[in-house]
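Hi everyone, thanks for coming.

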Amino acid sequence: MFKRILIANRGEIALRIIRACREMGIKTIAVFSDADKDSLHVKFADHAVNIGPALSRKSYLNMACIIGAAKETGADAIHPGYGFLSENAEFAKACFDGGITFIGPSAHTIAMAGDKSAARKILTEMGIPVIPGSDDIVVSPEAACSIADRVGYPVILKAAGGGGGRGMRIARTPEELSSAFAVAAGEAGAAFGNPNLYLEKYIEKPRHIEIQILGDSHGNYIHLGERECSIQMRYQKLIEESPSCFVDETLRRKLGETAIRIAKAVNYTNAGTMEFLVDKDKNFYFMEINARVQVEHPVTEAVTGIDIVEQQILMAAGRALAIKQEDVRFNGWSMECRINASDPNDNFMPSPGQIASVIFPGGPGVRVDTHIYDNYMVTPFYDSLIGKLIVWAKDRPSAIRRMQRALAEFEITGIETTIGFYRRVFENEQFQKGEIDTHFLDTMGQTAKRG
Ligand code: MV4
């Protein structure tokens, strides 16, 4: 087993990894930028190494500096968390070349997972449902129109160079598609330095449902059920829950089996997530692989009782999975609200600044994963996520009541946060009935502004 793990991340996920290491008796090394010198992950780690200035490019994305810190401190492994270098195949390879275990999939698998058209080809050959569309990039409006004629309108243009919704354009007629093509290519070029587009059949009002999987280096795979991630604002997830009120036993089994088939096909090892779009008739389509531990992993931990970060470390150390699929039990209901330092009344614009005071919720079934404290300075350099509020209860109505109670207790003064916004969402009748899809907030958005 590893003696020392370097955490190549910051904020709440760095704390989360340090906590798993501490319970496993593994020493921890934190890395921090100048802006994070007063951060909790620096305080909680056994050692801490300054890796440079605030700018991510010069610190948390600085591969040589991070690997240098691992060597200097004698780390056997590096945990990348999520974001930053967590899905960077070059970094995974550099760790391997440096004799340091990368806690995640192999560099080859990361590269495969990141190459949408290669993944699409493999999965189509395996008969796994992918969204009908172009097998590769579409080079002109005419080419796009001929594929659209084949798959049927509406269609959606997407940037080949990156996800997250940027450069996406929906078209319901050939005319709309032709004019959307240049706009989408321009946006994609600006966002990712790559104007290439591909085209898919547009799935109306889909749900975003993802399956957590664990795969060890001995060919064992299990899935830990689904997470419903449809409550998003401009493609940024805000609320996640497990299980999904839309997934019945049959769909859960099919999604789980498909997720494991995909993992085996790309020789996936460690923790990963298979993302699907599900339409109103419960048809599901593979969307992408997330080759990292995800922000929302705690809702799966709450309903299965499995510590996903601990499993990542055990699998990276070469251990065989000690959990069989038949041992996995789903108990109760869990929901997570992402607490962002952003202003819901100003288009969720980031709201960095000094926190005056914090009152955290607590009590039965409440978990807060956060790195903030009284007088903590929320810096403008990184993602606006400052914490996650997770609740567990025996069923969805109880989980909603518990989340409402926790949100009522939660108080952060000195900056704007999304706490007030969630209080409004959880009062919304449609949300309480589980009538949510990826467009839910567009409709509720109006009341969110008024509220
Ligand atoms: C789609 C789609 C409908 N049809 N693709 C949004 C960002 C990226 N992850 C993919 N996204 C979508 N792709 C097809 N063919 C609808 C969305 C989408 C969405 C997907 C998941 C969660 C929230 C969403 C919000 C708007 C659109």
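Let me start with Phe348: at 14% relative accessibility, Phe348 counts as buried, where buried means under 20% relative accessible area, exposed over 50%, and partly exposed in between, using a 1.4 Å probe and protein chains only. Phe348 sits in the loop between strand S15 (342–343) and strand S16 (349–350). Its phi is positive, about 60°, although Phe348 is not a glycine.

A word on where this comes from. We are looking at a predicted model, in which local features need pLDDT of at least 70 and side-chain atom pairs count only at pLDDT 80 or more, while totals for chains, interfaces and linings use all residues. Residues are numbered from 1 along each chain as its sequence is written, and side-chain values use heavy atoms, with hydrogens and water left out.

Asn270 also has a positive phi, near 85°, and is not a glycine either. Asn270 belongs to strand S12 (residues 270–278), and its relative accessible area of 2% makes it buried.

Now, the overall picture. The chain has 15 helices and 22 strands; these are DSSP runs, helices being H or I with at least four residues and strands E with at least two, numbered from the N terminus. Why does a radius of gyration of 22 Å agree with a compact globule? Because a compact globule of 451 residues would have a value near 22 Å; the radius is taken over C-alpha atoms, and the rule is 2.2 Å times the number of residues to the power 0.38. Of the 451 residues, 55% count as buried.

Next, Arg227, in strand S10 (residues 221–233). Is Arg227 buried or exposed? Buried, with a relative accessible area of 0%. Its side chain makes a polar contact of 3.3 Å with the side chain of Gln294. By polar contact I mean a pair of N or O atoms within 3.5 Å; within protein, one must be able to donate a hydrogen and the other to accept it, and residues adjacent in sequence count only if both atoms are side-chain atoms. Leaving aside neighbours within four places in sequence, Arg227 is in contact (heavy atoms within 4.5 Å) with several residues, among them Glu210, Glu241 and Ser242.

Ser242 brings us to the last topic. The peptide bond from Ser242 to Pro243 is cis, with omega near -5°, and Pro243 lies in the loop between strand S11 (236–242) and helix H9 (249–265). A cis peptide bond also joins Tyr153 and Pro154.
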